[in-house]
Amino acid sequence: MGLKVNLGSGEFPKPGYVNVDFYSLADPDIKHDLNVFPWPFATDAIDELEADHVLEHLEDPFAIMTEIHRVVRHGGRVSIRVPHFSRGFTHPDHKRGFNVSLPLFFDPGFQGGYAGVPFELKQLRLHWFAQPYLKKVSLPGTMYWFGVGLGSVCDFFANFSPYFCSRVWCYLVGGFDEIHFELIVRKDEAAKVGTGLVGNVR
């Protein structure tokens, strides 16, 4: 198995991963401020990287994505969960919310502002009731299971077209907690020509 890294592990470290955090009360495997570059990983050292509700707390998401591109090997998997803009500022430390258009900035063919490092988008999903591991310990049982049930209904309709949901009706259900992006790091020459890396998402 290759190296798997969990950025911003907080109080929920993941078994089987190298857990990285800076302010956590838990004891991460690596203590590092993710706003400081370079990170303590060699180029192309990581096969799989997860960042669960981290980018919204950091200073420069594009710099973070550039560093992720450096440390993850070509073809490596990147899983990023961030707050949807409709719920992005419900936490006092959130610096921003995110839209479903984020992957466009990592498509070399995007003329509206390619960020310079290519990622291939494999999947994009909206989640109305995100971070269940956190909500399960902070909500009464009845509220938690009600949220799980209602969330599954909202997710079903939202993910027919996350773009339409974000543009038209996301606020009608109180906003969505999360966008989940599944990305593949591209470092080959073919990725630089821009052939519509987000074309497989509805």
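Predicted model: local features only at pLDDT ≥ 70, side-chain atom pairs only at ≥ 80, totals over all residues.
Which residues does Lys-31 touch, leaving aside those up to four places away in sequence? They are Asp-21 and Phe-22.

- Lys-31 sits in strand β3, which covers residues 30-31.
- With 61% relative accessibility, Lys-31 counts as exposed, because the cut-off for that is over 50%.

**The nonpolar core**
- The largest nonpolar core has 42 residues, and Ile-68 and Ile-80 have the most contacts inside it.
- Two or more residues each come from β1 (4-7), β4 (46-52), α1 (61-71), β5 (72-82), β6, α3, α4 and β7 (178-185).
- Skipping residues up to four places away in sequence, Ile-80 touches Ala-51, Leu-55, Met-65, Ile-68, Ile-179, His-180, Phe-181 and Leu-183.
- As a rule, nonpolar side chains in soluble globular proteins tend to be buried together.

**Helix α3, inside and out**
- Helix α3 runs over residues 141-158, and at 1.5 Å a residue its 18 residues should span 26 Å; the end C-alpha atoms are 25 Å apart, which agrees.
- Buried in α3 are Tyr-144, Gly-147, Gly-151, Cys-154, Asp-155 and Ala-158.
- Looking down the axis of α3, those buried residues fall within an arc of 100°, so they line one face of the helix.
- The buried residues of α3 pack against β6 (119-127), α2 (132-138) and α4 (162-169).
- Over on the other side of α3, Thr-142, Trp-145, Phe-146 and Phe-157 are exposed.

**The largest pocket**
- The largest pocket holds about 940 Å³ of space.
- It's lined by 34 residues, and the closest to its centre are Asp-52, His-53, Glu-56, His-57 and Gln-131.
- Helix α2 gives the largest share of this lining, with 3 residues.

- Most residues other than glycine have a negative phi, and most peptide bonds are trans.
- Phe-37 and Pro-38, though, are joined by a cis peptide bond, with omega about -5°; Pro-38 lies in the loop between β3 and β4.
- Asp-44 is also in the loop between β3 and β4, and its phi is positive, near 65°.
- At 40% relative accessible area, Asp-44 is partly exposed.
- Gln-131, in the loop between β6 and α2, isn't a glycine either, but has a positive phi of about 50°.

Conventions:
Residues numbered from 1 in each chain as written. Heavy atoms only, no water. Helix = DSSP H or I, 4+ residues; strand = E, 2+ residues; numbered from the N terminus. Expected span 1.5 Å × (residues − 1). Buried < 20%, exposed > 50% of the residue type's maximum accessible area, 1.4 Å probe, protein only. Arc of directions from axis to C-beta. Contact = heavy atoms within 4.5 Å. Core = buried A, V, L, I, M, F, W, Y, C linked by side-chain atoms within 4.5 Å. 1 Å grid on protein atoms, 1.4 Å probe; cavity = no way out; pocket = protein on both sides within 12 Å on 5 of 7 lines; lining within 4 Å. Points joined across faces, edges and corners; volume = space filled by probe spheres on them.
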